[in-house]
There are 2 protein chains.
Amino acid sequence: MAEVAAKAGVSSQTVSRVANNHDNVDETTRAKVLAAMQELGYRPNAAARALVTGRFGAIGVVSFDVGAHGNARTLGAVADAAREAGFSINFMGIRAQTEAAVRQAFRHLMLQSVDGIVLVESQMLDTPSLHLPPTMPVVVADGDTGHAYPNVDFDQARGAQSVVAHLLDLGHRTVYHVSGPHDSFAARRRAEAWERTLVAAGAPVRPVLYGDWTAESGYLAGRTLAQVRDATAIFAANDQMALGVLRAMHEAGRSVPGDVSVAGFDDVPEAPFFEPPLTTVHQDFDVVGRHCVTLLLEQIERRSNGPRRLAVEPTLVVRASTAPPPAH
Amino acid sequence: MAEVAAKAGVSSQTVSRVANNHDNVDETTRAKVLAAMQELGYRPNAAARALVTGRFGAIGVVSFDVGAHGNARTLGAVADAAREAGFSINFMGIRAQTEAAVRQAFRHLMLQSVDGIVLVESQMLDTPSLHLPPTMPVVVADGDTGHAYPNVDFDQARGAQSVVAHLLDLGHRTVYHVSGPHDSFAARRRAEAWERTLVAAGAPVRPVLYGDWTAESGYLAGRTLAQVRDATAIFAANDQMALGVLRAMHEAGRSVPGDVSVAGFDDVPEAPFFEPPLTTVHQDFDVVGRHCVTLLLEQIERRSNGPRRLAVEPTLVVRASTAPPPAH
DNA sequence: ACACGTAATGTTTTCGTAAACACGATGTAG
DNA sequence: CTACATCGTGTTTACGAAAACATTACGTGT
């Protein structure tokens, strides 16, 4: 910076002003400085800048398993929104959904110095024990809605309700449910909405089968359900598990949707190409990512706090995997 | 830090030594400092530390479309390996695979100050024009192997060769190919290996169909191929496109693998649950991620340069989507 | 007993930048 | 024509930590 200042014949403070796009610099001076910067290949030092401003221009994202489609999409969307706002993303993946892992991730982010944190798909975290300084802005995506932090999520209940209602409307007596893991808030809310909808419609509630979001777990659940006589409609809590169910039905010689209707949740890009194309619930991850960043920036800039919770509406997409039950 | 020093009755320098785990500190002193730190909730300031050390403890990852399974997995693996090495990840997603976008991402990372950069799935980049300072360590994953930067990648040629050989061995006269986009290095190498293998076996080389990695593009290619009489074996450059091909075959009433054999590439976790379960090439992304970080750290620490290129061996996984051609 | 190495700690300086403050030149209102 | 705001710019200082260097208190070999 000193070199640039010397070359341009100005003080380093003027260089700083140009670098930060302040408007109280004469145009000719600005041009000279810019030229000098260009010539010397000057790059501002983020560390020094952060040291003096106390802002880092970075937001941390803590996410579990980016191999999962939804998490990856959320991450991508948050990153896009952050970049547009001039922030970079400090990503921490956590392998195990344990308190220790999350706490370590948070500690690491604190050290790395971020201006705020987005927590994606947190499961059953005892939030108070995370030891985050109260000044650290946090937004939770796809997690517990019960605690103090602002929350952005899909309206899981609405989505699940629309699927179940769709299946009941087709004439199925009841709908079986393959749920996500016990400790997932999203899974729990989908399961609750499933049950509520059945009860409201006067349909019998069958026991829930639990998976872990993978196609394999869906397949195992599907093998069980293929043996169940009145399982003519199955709602899997995500598309991967639905795919596993489809596979199990094929192997058992049960036709979808002739004998059994199957629906998923997420609408992964591949869902229209499953055999048969999958009826599912579409979620717009970009909107969620954008909302997360918006809420976080509000906190960072200590602006008036907007809505503490944002629910994004999912939409039911009916494809070929659901149909009326077989006439027996 | 000064407060901690005062509280512990030592100099700030000693606090610094304790914070950095230097060994030339008396145990009793260390304990006092640690207690003071704990009590005051002291957190070292990363910006100040980076300013004086010149190291940031962060590596940048530039990746295209984390919605794609392979990219997301690579990111996750790099993040894991980086965390283990004490580095955090500064993630930059780029929407468009244009030079401008990549250059902007790099510039942003330079400003954010990272110690090195991992570039994932770069396509056709004119690397010299990226304007990276020559001192910035870079590793390219899944990209061009021709330029100056160290490269980590799967042995795409070997993988593609094994698939094509497998299909020819089954008795197919030739193998059709649904390729990834023109500007993808990975796609190009798979296509080249496909052609080489056919030529070496004396099999006729049919025109390539191009997709864009999506299931939809595979579906469109599949619709075309379903009309082609001698298309009894199809090698899609990834599993999503293979899924699209499967779908197209089902719709056209062609049985897989009875009439047509289909193989993919990647071995996504869902591949075993496709209809039928997909023969494909398995890739271990964790190994790639780990290698990327290793190579990058070697550069960062200016240790002796290890191998400039690392190729990870993929393995063929034969499932139910490939079989001998129909006897006609 | 002396020179000298070593362990533990303190003192000073440095990193690159932006904020706070100061200053002169110009414009403008009374 | 003076008082006082405004604009463009320069000067000084602070940010928080670690590196470089200095110092003290002990050995230990000769």
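Reader: Which residue of strand 7 of chain B does B:V178 stand opposite?

Author: B:V178 stands opposite B:L209 in strand 7 of chain B. This is a predicted model, in which local features need pLDDT of at least 70 and side-chain atom pairs count only at pLDDT 80 or more, while totals for chains, interfaces and linings use all residues. Residues are numbered from 1 along each chain as its sequence is written, chains are lettered from A and ligands numbered from 1 in the order in which they are written, and side-chain values use heavy atoms, with hydrogens and water left out.

Reader: And how many bridges pair strand 6 and strand 7 of chain B?

Author: Strand 6 (residues 176-179) of chain B pairs with strand 7 in the parallel sense over two bridges. Strands here are DSSP runs of E with at least two residues, helices are runs of H or I with at least four, and both are numbered from the N terminus; two strands pair if DSSP finds at least two bridges between them.

Reader: What is the strand order of that open sheet in chain B?

Author: The order in this open sheet of four strands is 7-6-8-9, with parallel pairing. Its edge strands, each pairing on one side only, are strand 7 (209-210) and strand 9 (261-263) of chain B.

Reader: Which residues are bridge partners along strand 8 of chain B?

Author: Strand 8 is joined to strand 6 of chain B by three bridges, the two running parallel, and B:I234 is the bridge partner of B:Y176. Strand 8 of chain B also pairs with strand 9 in the parallel sense over three bridges, where B:A233 has B:S261 as its bridge partner.

Reader: What does helix 9 of chain B pack against?

Author: The buried residues of helix 9 of chain B pack against strand 6, strand 7, strand 8 and helix 10 (239-251) of chain B. Among those buried residues are B:Y219 and B:L225.

Reader: What span should helix 9 of chain B have?

Author: At 1.5 Å a residue, the twelve residues of helix 9 (residues 215-226) of chain B should span 16 Å, and the end C-alpha atoms are 16 Å apart, which agrees; the expected span is 1.5 Å times one less than the number of residues.

Reader: Over to chain A: what do the buried residues of helix 7 pack against?

Author: Helix 7 of chain A has buried residues including A:V163, A:H166 and A:L168. They pack against several elements of chain A, among them strand 5 (151-154), helix 8 (185-201) and strand 8 (233-236). Just after helix 7 of chain A, A:G171 takes a positive phi of about 110°.

Reader: How many aromatic pairs does the structure hold?

Author: There are six aromatic pairs over all chains. One of them is A:F154 with A:F285, an edge-to-face pair at 5.3 Å centre to centre with 90° between the planes. Rings of Phe, Tyr and Trp (its six-membered ring) pair if their centres lie within 6.5 Å, and planes under 30 degrees apart count as stacked, over 60 as edge-to-face and the rest as tilted.

Reader: Where in the chain do A:F154 and A:F285 lie?

Author: A:F154 is in strand 5 of chain A and A:F285 in helix 11 (residues 285-300) of chain A, so that the pair links distant parts of the chain, 131 residues apart. Both A:F154 and A:F285 are buried.

Reader: Which residue lies over the face of A:F265?

Author: A:R190 does, at 3.9 Å from the ring centre. A charge sits over a ring if NZ of Lys or CZ of Arg is within 6 Å of the ring centre and within 35 degrees of the ring normal.

Reader: What rotation superposes chain A on chain B?

Author: A rotation of 180° with 0.1 Å of shift along its axis does so, at RMSD 0.2 Å. The two copies are thus related as by a two-fold rotation axis. The superposition is by least squares on the C-alpha atoms of residues with pLDDT of at least 70 in both.

Reader: Which residues is A:T14 in contact with?

Author: Leaving aside neighbours within four places in sequence, A:T14 is in contact with A:V25, A:T29 and A:V33, where contact means heavy atoms within 4.5 Å. A:T14 lies in helix 2 (residues 12-19) of chain A and is buried, with a relative accessible area of 14%.

Technical notes
Buried means under 20% relative accessible area, exposed over 50%, partly exposed in between (1.4 Å probe, protein chains only).
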